[in-house]
Amino acid sequence: MTTETYLHSLPLWGWGAMRKRVIAMSVFTLACVLYARYSDYNLATGTGNLSMVLFLAANVYFPAKRILLHYKIKGVQFHMNRLLVYHIWLNTFSFVVACIHCYVTLWGNYWLMLALTMMGLLTFFGFLMWIKYQPGRVKKGIYILHTQQILFFVMIFAMLKGHYVF
């Protein structure tokens, strides 16, 4: 089985019985709502905090992958595949919560709009990679755009500049 076929066969909706997945997702959603509501003094700041926590948790995938490649650790592909599914969904939830944060705080800052747009594009490109969007040149371009660290750092720079400099 090729790596591409194997990765495409990963269950995007998780593993195990449907009942357990629904319960786990319900508990996760409730925890997120409670965190957003009570983590700070208002909903705007709470949704920003939640988006940041989800974003950081989602992107644990990349340092873990780099460590595994650097030390040539074998036999952990199953765990990395699970981490990839969490990366996909947590980044998606982080983007949705960031959109709520944007709406609740009534942003008028171009740096933050740039950061949100880049976050949305990276999330969208990630989903196109997941469904194996077929045109070869487009697929290669999407892969390059999604995996470029420079876009990630520009997005982080825009977030920091928008929040702390403006």
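Mentor: Let's start with serine 94, which is found in helix 5. Keep in mind that this is a predicted model.

Trainee: Okay! Is serine 94 buried or exposed?

Mentor: Serine 94 is buried, and its relative accessible area is 0%.

Trainee: Which residues is serine 94 in contact with, leaving aside its neighbours within four places in sequence?

Mentor: Those are Ser51, Leu54, Phe55 and Met119.

Trainee: And what lies 3.0 Å from a polar atom of the serine 94 side chain?

Mentor: That would be the backbone oxygen of serine 51.

Trainee: Nice. Let me zoom out: how many helices and strands are there in the chain?

Mentor: Eight helices and zero strands. Along the sequence, the pattern reads α-α-α-α-α-α-α-α.

Trainee: How much of the chain counts as buried?

Mentor: The buried share is 32% of the 166 residues. As for the surface, the accessible area of the chain is about 11400 Å², with 71% of that belonging to carbon and sulfur atoms.

Trainee: What about contacts with a separation of 6 or more?

Mentor: Of those, 67% are between residues 24 or more positions apart.

Trainee: Switching to rings now. How many aromatic pairs are there?

Mentor: The count, with ring centres within 6.5 Å, comes to eight aromatic pairs. One of them joins tyrosine 61 and phenylalanine 62, with ring centres 5.2 Å apart and planes at 80°.

Trainee: Why is the tyrosine 61 and phenylalanine 62 pair edge-to-face?

Mentor: Planes over 60 degrees apart count as edge-to-face, and the planes here are at 80°, so the pair falls in that class.

Trainee: Are those two residues buried or exposed?

Mentor: Tyrosine 61 is buried at 10% relative accessible area, while phenylalanine 62 counts as partly exposed at 36%.

Trainee: Got it. What is the geometry of the tryptophan 89 and phenylalanine 127 pair?

Mentor: That pair is edge-to-face too, with 5.8 Å from centre to centre and 75° between the planes.

Trainee: Where do tryptophan 89 and phenylalanine 127 lie?

Mentor: Tryptophan 89 is in helix 5 (residues 77-105) and phenylalanine 127 is in helix 6 (residues 110-130), so their pair ties together parts that are 38 residues apart in sequence.

Trainee: And how accessible are they?

Mentor: Tryptophan 89 has a relative accessible area of 19% and is buried. Phenylalanine 127, at 24%, counts as partly exposed.

Trainee: One last thing: which residues do ring pairs link into a cluster?

Mentor: Phe28, Trp89, Phe93 and Phe127 are linked that way.

Methods: Residues are numbered from 1 along each chain as its sequence is written. This is a predicted model: local features need pLDDT of at least 70, side-chain atom pairs count only at pLDDT 80 or more; totals for chains, interfaces and linings use all residues. Side-chain values use heavy atoms; hydrogens and water are left out. Rings of Phe, Tyr and Trp (its six-membered ring) pair if their centres lie within 6.5 Å; planes under 30 degrees apart count as stacked, over 60 as edge-to-face and the rest as tilted. Buried means under 20% relative accessible area, exposed over 50%, partly exposed in between (1.4 Å probe, protein chains only). Helices (H or I, at least four residues) and strands (E, at least two) are DSSP runs, numbered from the N terminus. Contact means heavy atoms within 4.5 Å. Accessible areas come from the Shrake-Rupley method with a 1.4 Å probe; for residues, only the protein chains shown count as cover. A polar contact is a pair of N or O atoms within 3.5 Å; within protein, one must be able to donate a hydrogen and the other to accept it, and residues adjacent in sequence count only if both atoms are side-chain atoms.
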